[in-house]
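Notebook open, model loaded. I'm jotting down what I look up as I go.

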Amino acid sequence: MNDISAAPLQESSPPRAAGAAGKLDKSAMSWALYEAARNPYVILCTIYVLAPYIATTVIGDPVKGQELISGWNKLAGFIVALTAPFLGAAADRVGNRKPVLFLVTALMCPLIFAMWWAEPGGAGLSVAEIGILITAVSVLFAYSEVLHNSMLTRASTPQNLAATSGAGLALGNAASVVMLVFVLFAFAMPGRVDLAFLPPAPLFGLDPVSHQPDRIVAPIVAVFFALMAIPLFLFSRDGARSTTSWPVALRDGVAGVVRTLAKLKDHRNVATFLAARMLYADGKTAILIFGGIYAAGVMGWGLIEMTAYGIILSIFAVGGGFLGGWLDNKIGAKNALVVEIGVTLACLVFLVSMQKDAIFFVLPIDPAAAIWASEYFNSLPEVLYLGGACLIAVSITAAYASSRTMMARLCPPGMEGELFGLYALSGAATVWLGPMLVEHFTATYKTQQAGFGSISILLIAGFLVLLFVKPPAVPERH
């Protein structure tokens, strides 16, 4: 049984296994492919296509939509906060993560698929039923994060932790780009843009009037997730199965988490990092959740613009995954995070300063004044917004990679699941805080700008706490 007395926390942990830095093996690549399998849900459904469609069309009011969706994510955050750490601790005691991760994956895929029936005008799922689906998938997504992240140190080698973590995020964004391009050319543009290489109407007879081109992303993401998750269950290294049953592991896991939390006061570096991540990661997650809703509402973008917007940002985010690993190797995980969070904060302020008819908060702009001959992204606020969003995509993805690498290097041997449960608690499990701020400021000031801009509070707080974290030791390269 793994508990705090058997494996005391350390400021940094030594390399666990020999292995040369370089090409990722089949186990590490399969682990990264699972990340690629689940990330398109975030990109297509949460950020760029489905959630903006639900807010602006199903709910019918982007301000009210931002408020409702923030409430659903706040509820999911509360549920995860009460359960995710204990799931990770129990996984440590059982040993192997794959069986439970398989169950979580098997539940997520059909729930994501069911969002196809989020039809306008209440013809399909009701707003309440859509809220239940989004809440359930958000909880399961957090569970998959706990289990998947806690496999990293076994699936990869110490020298390749940064490369494996970054590869998963980069591949996820690359897969999302391919899906977004397909949606753009197969469903969004046909019938609306006159180009010779486009079909005359959306493929498969999808009906634009009932917004089937918007909703088709849910089945696409669900099927892709199911297929691309398979290699992890076949090839990735996992912990050995112990004789401890899940009921016993969950009971002992609760006690273990309590002991771990109590012991953290004696290991301030680990505790400080978890506190910092609780704040800045919640800010990053909130930007992801509401970035697309904000852009669709403030800039007035529809399916074509939002799909193209997603493609452009996802391409930049691919570089962010690799940048996180490169910065980690060059200047260390902590310094990389300081740079990445600082850039995210500056970009967030920049984005909030852009409106359809103004830039930098106060400079008026004629929204009808095109700066080039294009039907899309042709005004100065749109171009500036797009540029700032590209940079924030790079910095957020890089920060996710650097955060996970730093935590993996801080984890004592044998406690990866338990501490990654707390890691999830400091990020996904406190995701309610960001939505709560967005919900409160949106409802109070009746503007999307106030709600979206409030996320800066979390980034600033996390940045300041991170400055007090001592960086972990870096394994020697062979």
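**Loop residue, His 211.** I started in the loop between helix 7 (161–188) and helix 8 (212–215), where His 211 sits. Keep in mind throughout that this is a predicted model. I checked the backbone there and found that His 211 has a positive phi of about 60°, although it is not a glycine. Buried or exposed, or something in between, for His 211? Its relative accessible area is 22%, so I put His 211 down as partly exposed, since buried would need a value under 20%.

**Another positive phi, Lys 446.** I then went to Lys 446, which lies in the loop between helix 17 (433–445) and helix 18 (448–453). Phi of Lys 446 is near 60°, again positive in a residue other than glycine. Lys 446 has 59% relative accessibility, so I noted it as exposed; the cut-off for that is over 50%.

**Whole chain.** I stepped back for the totals. How many helices and strands does the protein chain have? I get 19 helices and two strands. The chain has 478 residues, and buried ones make up 59% of them. For contacts with a separation of 6 or more, 84% are between residues 24 or more positions apart. The accessible surface comes to about 17700 Å², and carbon and sulfur atoms hold 70% of that.

**Helix 1 against helix 2.** Next I looked at how helix 1 (residues 26–48) and helix 2 (residues 50–58) pack. I noted both the angle and the axis distance, because two packed helices are described by these. Here the angle is about 15° and the axes are 3 Å apart. That makes helix 1 roughly parallel to helix 2, as angles under 35 degrees count that way. Which residues make the contact? From helix 1 I list Leu 44, Cys 45, Thr 46, Ile 47 and Tyr 48; from helix 2 I have Leu 50, Ala 51 and Pro 52. By type, the residues of this contact split into seven nonpolar, one polar and no charged.

**Gly 77.** I moved on to helix 3 (residues 62–94), which holds Gly 77. Its relative accessible area is 0%, so Gly 77 goes down as buried.

**Ser 138.** This one is in helix 5 (residues 127–150). Ser 138 counts as buried, because its relative accessibility is 19% and the limit is under 20%. What does the side chain of Ser 138 reach? I find the backbone oxygen of Ile 134 at 2.8 Å. Setting aside residues up to four places away in sequence, Ser 138 touches Asn 73 and Ala 76.

**Ala 308.** Last stop for today was helix 13 (residues 303–331), where I found Ala 308. At 18% relative accessibility, Ala 308 is buried. Which residues does Ala 308 contact, leaving aside its neighbours within four places in sequence? I wrote down Leu 184 and Phe 377.

Terms used
Residues numbered from 1 in each chain as written. Predicted model: local features only at pLDDT ≥ 70, side-chain atom pairs only at ≥ 80, totals over all residues. Heavy atoms only, no water. Axes fitted to C-alpha atoms, helices over the stretch in contact; angles between N-to-C directions. Helix = DSSP H or I, 4+ residues; strand = E, 2+ residues; numbered from the N terminus. Parallel < 35°, antiparallel > 145°, perpendicular 65-115°, else oblique. Contact = heavy atoms within 4.5 Å. Nonpolar A, V, L, I, M, F, W, Y, C, P; charged D, E, K, R; others polar. Buried < 20%, exposed > 50% of the residue type's maximum accessible area, 1.4 Å probe, protein only. Polar contact = N/O pair within 3.5 Å; in protein donor to acceptor, adjacent residues only side chain to side chain. Areas by Shrake-Rupley, 256 points an atom, 1.4 Å probe, with all protein chains shown as cover.
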